[in-house]
Amino acid sequence: MLYSIYITSRSGSLLYQKDFKTINSPITKQRSNDYLVIASTLHGVHAIASKLTPPDAVHNYQKAKTLANSNRTGLREIATSQFKIFMNQTVTGIKIIVFASPDMDETKFAPIYDKIYEHYCNYVLKNPFYQLDMPIRCQLFDTHLNSVVAGCNV
Amino acid sequence: MPIYSFWIYDRHCNCIFSREYGTGFQDSSNSILRSTPKLKVSAQFTPNASYENTSSLPSSSQSTQNSSISSGRGQRLLSSALNNQKAQDLIQKGTINTQNNNNTSKLLFGTLFSLRKIAVSLCTPQAETSQEEEFNASNLNSFNSLQSFHTLNYKCHYYETMNGLRFVVVTHPAARNLQSSLVEIYHSIYLPTIVRNPLMPVEYREDEVISNDRFIRAIDEYWTSLEETLT
(Lines give C-alpha, C1' and ligand atoms only; values in the text may rest on other atoms or scores of the structure.)
Protein backbone atom coordinates (compact mmCIF):
# COMPACT_ATOMS: atom_id res chain seq x y z
CA MET A 1 0.00 0.00 0.00
CA LEU A 2 1.29 3.46 -0.88
CA TYR A 3 -0.01 6.33 1.24
CA SER A 4 1.64 9.38 -0.24
CA ILE A 5 4.42 10.58 -2.52
CA TYR A 6 6.59 13.67 -2.12
CA ILE A 7 9.13 14.98 -4.61
CA THR A 8 11.69 17.52 -3.42
CA SER A 9 14.19 19.52 -5.42
CA ARG A 10 17.90 19.23 -4.75
CA SER A 11 17.73 22.24 -2.43
CA GLY A 12 15.02 20.63 -0.34
CA SER A 13 11.94 22.53 -1.47
CA LEU A 14 8.75 20.59 -2.05
CA LEU A 15 7.91 20.22 -5.76
CA TYR A 16 5.07 17.72 -5.55
CA GLN A 17 2.98 16.28 -2.78
CA LYS A 18 0.08 13.94 -2.99
CA ASP A 19 -1.80 11.89 -0.39
CA PHE A 20 -3.65 8.95 -1.88
CA LYS A 21 -7.04 7.92 -0.64
CA THR A 22 -6.63 4.43 0.73
CA ILE A 23 -8.61 2.49 3.26
CA ASN A 24 -7.14 2.67 6.78
CA SER A 25 -4.44 5.12 5.83
CA PRO A 26 -2.84 6.26 9.11
CA ILE A 27 -1.68 9.55 7.58
CA THR A 28 -3.95 12.41 8.46
CA LYS A 29 -4.40 15.61 6.52
CA GLN A 30 -1.95 18.35 7.44
CA ARG A 31 -1.81 22.07 6.84
CA SER A 32 -0.09 22.96 3.57
CA ASN A 33 2.77 24.57 5.51
CA ASP A 34 3.41 21.35 7.42
CA TYR A 35 4.10 19.47 4.19
CA LEU A 36 6.84 21.98 3.34
CA VAL A 37 8.34 21.55 6.80
CA ILE A 38 8.27 17.75 6.60
CA ALA A 39 9.88 17.72 3.15
CA SER A 40 12.70 20.06 4.08
CA THR A 41 13.29 18.26 7.40
CA LEU A 42 13.66 14.97 5.56
CA HIS A 43 16.05 16.67 3.14
CA GLY A 44 18.24 17.89 6.02
CA VAL A 45 18.09 14.64 7.95
CA HIS A 46 19.10 12.76 4.81
CA ALA A 47 22.36 14.72 4.74
CA ILE A 48 22.96 14.44 8.49
CA ALA A 49 22.43 10.67 8.41
CA SER A 50 25.36 10.27 6.03
CA LYS A 51 27.54 12.33 8.40
CA LEU A 52 26.62 9.98 11.25
CA THR A 53 28.10 6.90 9.61
CA PRO A 54 30.33 5.09 12.15
CA PRO A 55 33.98 4.97 10.97
CA ASP A 56 33.86 1.15 10.81
CA ALA A 57 30.75 1.15 8.61
CA VAL A 58 31.93 3.48 5.84
CA HIS A 59 32.28 0.77 3.19
CA ASN A 60 29.20 -1.29 3.96
CA TYR A 61 27.29 0.10 0.96
CA GLN A 62 29.66 -1.67 -1.43
CA LYS A 63 28.39 -5.02 -0.21
CA ALA A 64 24.74 -3.99 -0.18
CA LYS A 65 22.49 -6.05 -2.42
CA THR A 66 20.03 -3.28 -3.16
CA LEU A 67 20.58 -0.81 -5.95
CA ALA A 68 22.37 2.26 -4.63
CA ASN A 69 21.72 4.69 -7.53
CA SER A 70 23.01 7.99 -6.15
CA ASN A 71 21.82 7.51 -2.60
CA ARG A 72 24.83 5.58 -1.26
CA THR A 73 25.36 7.12 2.13
CA GLY A 74 22.15 9.04 2.81
CA LEU A 75 18.98 8.02 4.58
CA ARG A 76 17.02 5.34 2.71
CA GLU A 77 14.28 4.01 4.89
CA ILE A 78 12.54 5.11 8.06
CA ALA A 79 10.36 2.60 9.88
CA THR A 80 7.62 3.72 12.24
CA SER A 81 4.90 1.60 13.77
CA GLN A 82 2.24 2.95 11.39
CA PHE A 83 4.08 3.44 8.11
CA LYS A 84 7.45 3.32 6.38
CA ILE A 85 9.18 6.13 4.51
CA PHE A 86 11.39 5.29 1.54
CA MET A 87 13.76 7.91 0.19
CA ASN A 88 15.47 7.71 -3.15
CA GLN A 89 17.67 10.22 -4.83
CA THR A 90 18.16 10.63 -8.57
CA VAL A 91 21.54 11.49 -10.06
CA THR A 92 20.53 15.14 -10.29
CA GLY A 93 19.68 15.33 -6.59
CA ILE A 94 15.89 15.19 -6.83
CA LYS A 95 14.45 13.14 -3.99
CA ILE A 96 11.45 10.92 -4.38
CA ILE A 97 9.98 10.20 -0.95
CA VAL A 98 7.30 7.54 -0.65
CA PHE A 99 5.17 6.78 2.40
CA ALA A 100 4.07 3.16 2.40
CA SER A 101 2.55 0.57 4.68
CA PRO A 102 4.90 -1.25 7.11
CA ASP A 103 4.78 -4.51 5.12
CA MET A 104 6.55 -2.88 2.17
CA ASP A 105 10.28 -3.58 1.87
CA GLU A 106 13.11 -2.42 -0.35
CA THR A 107 12.88 -5.25 -2.86
CA LYS A 108 9.14 -4.72 -3.31
CA PHE A 109 9.64 -1.00 -3.47
CA ALA A 110 12.39 -0.86 -6.12
CA PRO A 111 10.14 -1.50 -9.18
CA ILE A 112 7.60 1.03 -7.91
CA TYR A 113 10.32 3.64 -7.58
CA ASP A 114 11.53 2.88 -11.12
CA LYS A 115 8.05 3.43 -12.49
CA ILE A 116 7.60 6.71 -10.62
CA TYR A 117 10.94 7.93 -11.89
CA GLU A 118 10.09 6.90 -15.43
CA HIS A 119 6.83 8.84 -15.32
CA TYR A 120 8.65 11.81 -13.82
CA CYS A 121 11.08 11.82 -16.75
CA ASN A 122 8.42 11.32 -19.39
CA TYR A 123 5.67 13.60 -18.21
CA VAL A 124 7.45 16.26 -16.15
CA LEU A 125 10.91 16.73 -17.61
CA LYS A 126 9.76 16.32 -21.20
CA ASN A 127 6.91 18.75 -20.69
CA PRO A 128 7.99 21.93 -22.56
CA PHE A 129 6.01 24.15 -20.18
CA TYR A 130 7.64 22.80 -17.01
CA GLN A 131 10.38 24.94 -15.45
CA LEU A 132 13.00 23.16 -13.38
CA ASP A 133 12.76 23.54 -9.59
CA MET A 134 9.19 24.81 -9.81
CA PRO A 135 6.18 22.98 -8.33
CA ILE A 136 5.00 20.17 -10.59
CA ARG A 137 1.56 20.77 -12.10
CA CYS A 138 1.31 18.30 -14.95
CA GLN A 139 -1.95 16.49 -15.48
CA LEU A 140 -0.40 13.57 -17.34
CA PHE A 141 2.02 12.95 -14.48
CA ASP A 142 -0.89 12.93 -12.04
CA THR A 143 -2.87 10.37 -13.99
CA HIS A 144 0.09 8.07 -14.53
CA LEU A 145 1.13 8.30 -10.90
CA ASN A 146 -2.43 7.42 -9.92
CA SER A 147 -2.30 4.32 -12.10
CA VAL A 148 0.99 3.23 -10.47
CA VAL A 149 -0.47 3.66 -7.01
CA ALA A 150 -3.73 1.99 -7.98
CA GLY A 151 -1.70 -0.94 -9.36
CA CYS A 152 0.00 -1.65 -6.04
CA ASN A 153 -2.83 -0.66 -3.69
CA VAL A 154 -5.14 -3.33 -5.10
CA MET B 1 25.99 -8.13 11.82
CA PRO B 2 28.44 -5.97 13.76
CA ILE B 3 27.13 -3.61 16.41
CA TYR B 4 28.65 -0.13 16.35
CA SER B 5 27.34 1.84 19.29
CA PHE B 6 24.70 2.09 21.99
CA TRP B 7 23.29 5.31 23.45
CA ILE B 8 20.84 6.38 26.16
CA TYR B 9 19.31 9.86 26.28
CA ASP B 10 17.29 11.12 29.22
CA ARG B 11 14.10 13.17 28.94
CA HIS B 12 16.04 16.43 28.98
CA CYS B 13 17.75 15.35 25.78
CA ASN B 14 21.14 14.81 27.45
CA CYS B 15 23.15 11.78 26.50
CA ILE B 16 23.56 9.92 29.80
CA PHE B 17 25.30 6.84 28.44
CA SER B 18 27.26 6.14 25.30
CA ARG B 19 29.06 2.94 24.45
CA GLU B 20 31.06 2.47 21.29
CA TYR B 21 32.08 -1.02 20.26
CA GLY B 22 35.04 -2.16 18.21
CA THR B 23 33.75 -4.22 15.31
CA GLY B 24 35.97 -7.19 16.08
CA PHE B 25 37.32 -7.26 12.56
CA GLN B 26 41.08 -7.07 12.32
CA ASP B 27 42.23 -4.90 9.48
CA SER B 28 45.02 -2.37 9.32
CA SER B 29 42.99 0.77 8.80
CA ASN B 30 40.76 -0.25 11.66
CA SER B 31 43.56 -0.48 14.18
CA ILE B 32 44.76 3.02 13.31
CA LEU B 33 41.31 4.42 13.75
CA ARG B 34 40.88 2.68 17.07
CA SER B 35 44.19 3.72 18.56
CA THR B 36 42.97 7.08 19.85
CA PRO B 37 39.77 5.95 21.60
CA LYS B 38 41.77 3.18 23.23
CA LEU B 39 44.07 5.72 24.84
CA LYS B 40 41.06 7.63 26.03
CA VAL B 41 39.70 4.58 27.81
CA SER B 42 42.89 3.91 29.68
CA ALA B 43 43.11 7.57 30.64
CA GLN B 44 39.56 7.59 31.85
CA PHE B 45 39.97 4.60 34.09
CA THR B 46 43.13 5.57 35.93
CA PRO B 47 42.41 6.63 39.51
CA ASN B 48 43.80 10.14 38.91
CA ALA B 49 41.47 10.80 36.04
CA SER B 50 38.44 9.66 37.97
CA TYR B 51 39.51 11.89 40.84
CA GLU B 52 39.64 14.85 38.49
CA ASN B 53 36.23 13.98 37.14
CA THR B 54 34.63 13.96 40.52
CA SER B 55 36.24 17.19 41.67
CA SER B 56 34.21 18.99 39.05
CA LEU B 57 31.09 17.08 40.07
CA PRO B 58 30.71 17.26 43.83
CA SER B 59 28.57 14.15 44.18
CA SER B 60 29.57 11.47 46.65
CA SER B 61 27.75 8.68 44.89
CA GLN B 62 29.56 9.47 41.65
CA SER B 63 32.99 9.33 43.24
CA THR B 64 32.43 5.93 44.82
CA GLN B 65 31.17 4.50 41.56
CA ASN B 66 34.01 5.94 39.54
CA SER B 67 36.69 4.55 41.83
CA SER B 68 35.02 1.14 41.90
CA ILE B 69 35.25 1.08 38.12
CA SER B 70 38.88 2.14 38.01
CA SER B 71 39.93 -0.64 40.34
CA GLY B 72 37.53 -3.30 39.16
CA ARG B 73 37.79 -3.04 35.41
CA GLY B 74 41.08 -4.82 34.86
CA GLN B 75 40.12 -7.85 36.94
CA ARG B 76 36.67 -7.92 35.47
CA LEU B 77 37.90 -8.36 31.92
CA LEU B 78 40.26 -11.16 32.97
CA SER B 79 37.78 -13.07 35.07
CA SER B 80 34.88 -12.42 32.74
CA ALA B 81 32.87 -15.38 31.64
CA LEU B 82 33.12 -14.13 28.09
CA ASN B 83 36.11 -16.04 26.89
CA ASN B 84 35.13 -15.61 23.31
CA GLN B 85 37.91 -13.70 21.60
CA LYS B 86 35.59 -11.73 19.38
CA ALA B 87 33.42 -10.68 22.27
CA GLN B 88 36.52 -9.52 24.11
CA ASP B 89 37.62 -7.49 21.09
CA LEU B 90 34.22 -5.93 20.84
CA ILE B 91 34.32 -4.81 24.45
CA GLN B 92 37.96 -3.85 24.81
CA LYS B 93 38.30 -1.89 21.59
CA GLY B 94 35.28 0.25 22.36
CA THR B 95 34.92 3.35 24.48
CA ILE B 96 32.54 4.17 27.32
CA ASN B 97 31.04 7.61 27.84
CA THR B 98 33.63 9.43 25.74
CA GLN B 99 31.12 10.63 23.15
CA ASN B 100 28.34 12.04 25.31
CA ASN B 101 28.80 15.67 24.38
CA ASN B 102 30.41 15.57 20.98
CA ASN B 103 28.84 16.30 17.62
CA THR B 104 28.05 12.68 16.80
CA SER B 105 25.87 12.30 19.86
CA LYS B 106 24.05 15.56 19.22
CA LEU B 107 23.53 14.91 15.51
CA LEU B 108 22.21 11.44 16.27
CA PHE B 109 19.77 12.83 18.78
CA GLY B 110 18.72 15.61 16.42
CA THR B 111 18.07 13.15 13.62
CA LEU B 112 15.96 10.89 15.80
CA PHE B 113 14.13 13.85 17.29
CA SER B 114 13.07 15.26 13.93
CA LEU B 115 12.16 11.86 12.50
CA ARG B 116 10.06 11.13 15.55
CA LYS B 117 8.33 14.48 15.19
CA ILE B 118 7.50 13.74 11.55
CA ALA B 119 6.22 10.28 12.41
CA VAL B 120 3.99 11.55 15.20
CA SER B 121 2.69 14.68 13.47
CA LEU B 122 1.71 12.81 10.30
CA CYS B 123 -0.53 10.47 12.29
CA THR B 124 -1.99 12.99 14.70
CA PRO B 125 -5.47 14.24 13.74
CA GLN B 126 -6.01 17.97 13.38
CA ALA B 127 -6.95 19.47 16.70
CA GLU B 128 -9.94 21.76 16.70
CA THR B 129 -10.10 22.87 20.30
CA SER B 130 -7.22 23.68 22.62
CA GLN B 131 -8.24 20.72 24.75
CA GLU B 132 -7.79 18.39 21.82
CA GLU B 133 -4.44 19.95 21.07
CA GLU B 134 -3.30 19.33 24.62
CA PHE B 135 -4.47 15.75 24.41
CA ASN B 136 -2.64 15.17 21.14
CA ALA B 137 0.57 16.76 22.36
CA SER B 138 0.81 14.53 25.42
CA ASN B 139 3.51 11.91 25.40
CA LEU B 140 1.06 9.27 26.60
CA ASN B 141 -1.26 9.57 23.61
CA SER B 142 1.22 9.30 20.80
CA PHE B 143 -0.41 7.95 17.68
CA ASN B 144 2.78 6.64 16.15
CA SER B 145 6.30 5.78 17.24
CA LEU B 146 9.61 5.76 15.46
CA GLN B 147 11.23 2.33 15.24
CA SER B 148 14.35 2.60 13.13
CA PHE B 149 15.99 4.23 10.16
CA HIS B 150 18.74 2.96 7.93
CA THR B 151 21.17 3.96 5.22
CA LEU B 152 23.21 1.52 3.19
CA ASN B 153 26.00 1.85 5.76
CA TYR B 154 24.27 1.43 9.09
CA LYS B 155 20.93 0.96 10.78
CA CYS B 156 19.76 2.83 13.84
CA HIS B 157 17.14 1.32 16.17
CA TYR B 158 15.16 3.51 18.51
CA TYR B 159 12.99 2.89 21.55
CA GLU B 160 11.39 5.56 23.67
CA THR B 161 9.86 4.80 27.04
CA MET B 162 6.75 6.57 28.24
CA ASN B 163 8.71 8.97 30.43
CA GLY B 164 10.89 10.14 27.58
CA LEU B 165 13.96 7.97 28.10
CA ARG B 166 15.43 7.06 24.71
CA PHE B 167 17.47 3.97 23.87
CA VAL B 168 19.39 3.91 20.60
CA VAL B 169 21.56 1.23 19.06
CA VAL B 170 23.51 1.53 15.81
CA THR B 171 24.19 -1.69 13.89
CA HIS B 172 24.93 -3.11 10.46
CA PRO B 173 22.10 -2.40 7.97
CA ALA B 174 21.27 -6.10 7.59
CA ALA B 175 20.27 -6.39 11.25
CA ARG B 176 16.78 -7.54 12.14
CA ASN B 177 14.50 -5.26 14.12
CA LEU B 178 16.27 -4.85 17.47
CA GLN B 179 13.57 -2.81 19.18
CA SER B 180 12.58 -5.79 21.29
CA SER B 181 16.18 -5.97 22.55
CA LEU B 182 16.06 -2.32 23.55
CA VAL B 183 12.82 -2.97 25.44
CA GLU B 184 14.47 -5.90 27.15
CA ILE B 185 17.50 -3.80 28.09
CA TYR B 186 15.19 -1.25 29.65
CA HIS B 187 13.26 -3.86 31.61
CA SER B 188 15.95 -6.28 32.64
CA ILE B 189 19.06 -4.06 32.90
CA TYR B 190 18.17 -0.39 33.23
CA LEU B 191 15.36 -0.82 35.76
CA PRO B 192 17.19 -3.06 38.28
CA THR B 193 20.64 -1.46 38.08
CA ILE B 194 19.79 2.22 37.62
CA VAL B 195 16.22 2.94 38.68
CA ARG B 196 16.21 0.63 41.71
CA ASN B 197 19.71 1.66 42.68
CA PRO B 198 19.56 4.24 45.50
CA LEU B 199 23.04 5.52 44.64
CA MET B 200 22.03 6.63 41.14
CA PRO B 201 20.51 10.09 40.71
CA VAL B 202 16.90 10.35 39.56
CA GLU B 203 17.59 13.32 37.30
CA TYR B 204 20.94 13.69 35.61
CA ARG B 205 22.62 17.07 35.58
CA GLU B 206 24.48 18.20 32.49
CA ASP B 207 27.75 16.30 31.98
CA GLU B 208 26.61 13.66 34.44
CA VAL B 209 26.71 10.14 32.99
CA ILE B 210 25.95 6.57 34.03
CA SER B 211 29.25 5.10 35.14
CA ASN B 212 27.77 2.23 37.10
CA ASP B 213 30.03 -0.78 36.73
CA ARG B 214 27.27 -3.40 37.00
CA PHE B 215 25.23 -1.62 34.39
CA ILE B 216 28.08 -1.39 31.88
CA ARG B 217 28.96 -5.05 32.40
CA ALA B 218 25.35 -6.13 31.93
CA ILE B 219 25.01 -4.07 28.74
CA ASP B 220 28.23 -5.52 27.31
CA GLU B 221 27.14 -9.02 28.20
CA TYR B 222 23.74 -8.52 26.64
CA TRP B 223 25.04 -7.29 23.29
CA THR B 224 27.78 -9.88 23.03
CA SER B 225 25.32 -12.63 23.97
CA LEU B 226 23.31 -11.94 20.83
CA GLU B 227 24.71 -14.44 18.40
CA GLU B 228 24.57 -12.22 15.37
CA THR B 229 26.70 -9.43 16.82
CA LEU B 230 29.75 -11.68 16.69
CA THR B 231 29.36 -12.97 13.16
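Trainee: Which residues does A:Ala100 touch, not counting residues up to four places away in sequence?
Mentor: Good place to begin, and keep in mind that this is a predicted model. A:Ala100 is one of the residues that touch the most other members of the largest nonpolar core, a set of 77 residues. Leaving out residues up to four places away in sequence, its contacts are A:Met1, A:Leu2, A:Tyr3, A:Phe83, A:Lys84, A:Phe86 and A:Phe109.

Trainee: Which element gives the largest share of that core?
Mentor: Besides A:Ala100, the residues touching the most other members are A:Val98, B:Trp7, B:Leu115 and B:Val168. The largest share of this core is seven residues, and the element supplying them is helix α5 (residues 103–123) of chain B.

Trainee: Which strands of chain A does helix α2 lie across, and at about what angle does it run to β5(A)?
Mentor: Helix α2 of chain A covers residues 106–125. The strands it lies across are β1 (2–8), β3, β4 (84–89) and β5 (95–100) of chain A. Relative to β5(A), the helix runs at about 130°.

Trainee: Which strands stand at the edges of the open sheet?
Mentor: Read the order of the 11 strands: β2(A)-β1(A)-β5(A)-β4(A)-β3(A)-β4(B)-β5(B)-β6(B)-β1(B)-β2(B)-β3(B), with antiparallel pairing. A strand at an edge has a single partner strand, so one side of it is left without a neighbour in the sheet. That applies to β2 (14–19) of chain A and β3 (95–96) of chain B.

Trainee: Which element gives the most to the side of chain A that touches chain B?
Mentor: Across the interface, 34 residues of chain A are in contact with 35 residues of chain B. Both α1 (32–51) and β3 (75–80) of chain A supply at least two residues of that side of chain A. With eight residues, the element giving the most is α1(A). By class, this side of chain A has 17 nonpolar, 10 polar and seven charged residues, but the name you asked for is α1(A).

Trainee: Is β6 of chain B largely enclosed or left open by the rest of the structure?
Mentor: Look at both directions in which its side chains point. B:Arg166, B:Val168 and B:Val170 point one way, B:Phe167, B:Val169 and B:Thr171 point the other way, and all are buried. Since six of the six residues of β6(B), residues 166–171, are buried, the strand is largely enclosed.

Trainee: Which residue is the bridge partner of B:Tyr159 in β6(B)?
Mentor: β6(B) is joined by six bridges to β1(B), residues 3–9, in antiparallel fashion, and there B:Ser5 stands opposite B:Val170. Six bridges also join β5(B) to β6(B), again antiparallel. On that side, the partner of B:Tyr159 is B:Phe167.

Trainee: Which residue in the turn between β5(B) and β6(B) has a positive phi?
Mentor: These two strands form a hairpin with five residues between them. A positive phi of about 90° occurs in the turn at B:Gly164.

Trainee: Is A:Asp133 buried or exposed?
Mentor: This residue lies in the loop between α2 and α3 (139–153) of chain A, and it has a positive phi of about 65° although it is not a glycine. Most residues other than glycine have a negative phi. The cut-off for exposure is 12 or fewer C-beta neighbours; with 10 inside 10 Å, A:Asp133 counts as exposed.

Trainee: How far apart are the end C-alpha atoms of helix α8 of chain B?
Mentor: The loop between α7 (179–195) and α8 of chain B holds B:Asp207, which has a positive phi of about 70°. Helix α8 itself has 13 residues, 213–225, and at 1.5 Å a residue it should span 18 Å. The model agrees, because the end C-alpha atoms are apart by 18 Å.

Key: Residues numbered from 1 in each chain as written. Chains lettered and ligands numbered in written order. Predicted model: local features only at pLDDT ≥ 70, side-chain atom pairs only at ≥ 80, totals over all residues. Helix = DSSP H or I, 4+ residues; strand = E, 2+ residues; numbered from the N terminus. Expected span 1.5 Å × (residues − 1). Contact = placed C-beta atoms within 7 Å. Nonpolar A, V, L, I, M, F, W, Y, C, P; charged D, E, K, R; others polar. Core = buried A, V, L, I, M, F, W, Y, C linked by C-beta atoms within 7 Å. Buried ≥ 20, exposed ≤ 12 C-beta atoms within 10 Å, placed from the backbone. Pairing = 2+ DSSP bridges. Axes fitted to C-alpha atoms, helices over the stretch in contact; angles between N-to-C directions.
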